[in-house]
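Thanks for coming. I will walk through one structure and keep to what can be read from it.

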Amino acid sequence: ATHPEAPDRISVDLRLVQCAHDEMSRNEPWATDVLEIAEEIELEEEAEAYHSQHLLSWPKYGSAWDKTRYVLNFPFHLAITLTIPSGERWYLVSILVSVCWLAGTSYLLSFFSTRWGDALAIRDAVVGLTVDSIGTSLPNLLAAVAAGKAGRSETAICQAFGSNTFDALVAFGLVQAIKSASQGFAPIQLETAGLERDSVLNLCLLFLYTWFLYFFRFRLTRAFGCTCIFLYAVWLAYELYLVYTK
């Protein structure tokens, strides 16, 4: 769009420019690639917004894979369309229903993953470290990806801290409080084997995460993402090693 006060200049959302700059390689020219990538990001956002409002529309001009994916996802899209209202007037209802959907799918994931682990003789600790932890964190991952694509890197970064703080202080604490109240407020005995080791390890990972944020100038780049994935892979391999060497 042309800038209203300077017709010879182009008006561009600075958040998209920043996001596009993060996506570029150092070997690419700056100005042209920033504008092209910013336009691509904006087009992707418009396409995603249109798709979210037309989940049941048949992809007439889509590829064979798009049509196959539509058929496979149709039951889920139908359930979402019928249960979650759209529009700004209903945003509170949409949030509450979405939370109910997340709670239900998380419960089903935990239930079936436990049965799956028992059937394949896989330890509960391994199932919890892999299937359960990854599956229950997917909503946070998708929200962070959406925020990153929109150029809201602060939102994506805060989700990592906010979601884990909520899990530790509210999700875990609330469950234990309810369990204690159901038993006459008797103390709850917890398995604390390896608690000191895991606490120190998690504090070290938190320090590294914060340091890498500072190192990458608080920008979500591909290098930052690859670094975090590498740290997670190392942590997971170490935890699995401890499980199978007991």
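In which helix does glutamate 42 lie? Glutamate 42 belongs to helix α2, which covers residues 30–53. Before going further, please note that this is a predicted model.

Glutamate 42 has neighbours of like charge. Glu39, Glu40, Glu42, Glu44 and Glu46 come together as a patch of negative charge on the surface. Glutamate 42 itself has 39% relative accessibility, so it counts as partly exposed, since that class runs between 20% and 50%.

Now the overall layout. The protein chain has 8 helices and 2 strands. Read from the N terminus, the order of the elements is β-β-α-α-α-α-α-α-α-α. How many of the 246 residues count as buried? The share is 20% of the protein chain.

Next, the nonpolar side of the surface. Ile134, Leu138, Leu141, Val145 and Tyr232 make up a nonpolar patch there, and together they have about 410 Å² of accessible area. Which helix gives the most to this patch? That is helix α5, residues 124–149, with 4 residues. Tyrosine 232, also in the patch, sits in helix α8, which spans residues 222–244. The relative accessible area of tyrosine 232 is 33%, so this residue is partly exposed.

On to the salt bridges. The count is 2 salt bridges. As background, side chains of opposite charge can pair when their charged atoms come close. One of the bridges joins the side chains of aspartate 66 and arginine 69, at 3.2 Å from N to O. Where do aspartate 66 and arginine 69 lie? Both are in helix α3, residues 64–83, and they are 3 residues apart, about one turn of the helix. Aspartate 66 has a relative accessible area of 27% and is therefore partly exposed. Arginine 69, with 41%, is partly exposed as well.

The side chains of aspartate 198 and arginine 197 also meet in a salt bridge, with an N to O distance of 3.5 Å. Aspartate 198 is at 23% relative accessibility, so it counts as partly exposed. For arginine 197 the value is 33%, and this residue also counts as partly exposed.

Then the cysteines. How many disulfides does the count come to? The count is 0 disulfides. Take cysteine 228: the nearest cysteine sulfur belongs to cysteine 226 and is 9.4 Å away, and cysteine 228 is in no disulfide. Is cysteine 100 buried or exposed? Cysteine 100 has 56% relative accessibility, so it counts as exposed. Cysteine 228, by contrast, is at 23% and counts as partly exposed.

Now some residues in the loops. Alanine 121 is placed in the loop between α4, residues 91–119, and α5. The phi of alanine 121 is near 60 degrees, which is a positive value in a residue other than glycine. With a relative accessible area of 70%, alanine 121 is exposed.

Where does phenylalanine 185 lie? Phenylalanine 185 is in the loop between α6, residues 153–182, and α7. Its phi is near 60 degrees, again a positive value in a residue other than glycine. Phenylalanine 185 has a relative accessible area of 66%, so it is exposed.

Arginine 219 is in the loop between α7, residues 195–215, and α8. Is arginine 219 buried or exposed? Arginine 219 has a relative accessible area of 16%, so it is buried, the limit for that class being under 20%. The C-alpha atom of arginine 219 is 9.0 Å from that of isoleucine 157, although the two residues are 62 apart along the chain.

One further pair. Alanine 103 is part of helix α4.

To go back over the main points: the chain has 8 helices and 2 strands, with 2 salt bridges and 0 disulfides. The surface carries a patch of negative charge that includes Glu42 and a nonpolar patch that includes Tyr232. That is where I will stop.

How values were computed. Residues numbered from 1 in each chain as written. Predicted model: local features only at pLDDT ≥ 70, side-chain atom pairs only at ≥ 80, totals over all residues. Heavy atoms only, no water. Disulfide = S-S within 2.5 Å. Buried < 20%, exposed > 50% of the residue type's maximum accessible area, 1.4 Å probe, protein only. Patch = residues over 30% accessible without salt bridge, like charges linked within 9 Å, V, L, I, M, F, W, Y side chains within 5 Å. Areas by Shrake-Rupley, 256 points an atom, 1.4 Å probe, with all protein chains shown as cover. Salt bridge = Lys/Arg side-chain N within 4 Å of Asp/Glu carboxyl O. Lys, Arg positive; Asp, Glu negative; His and termini not counted. Charge placed at Lys NZ, Arg CZ, Asp CG, Glu CD.
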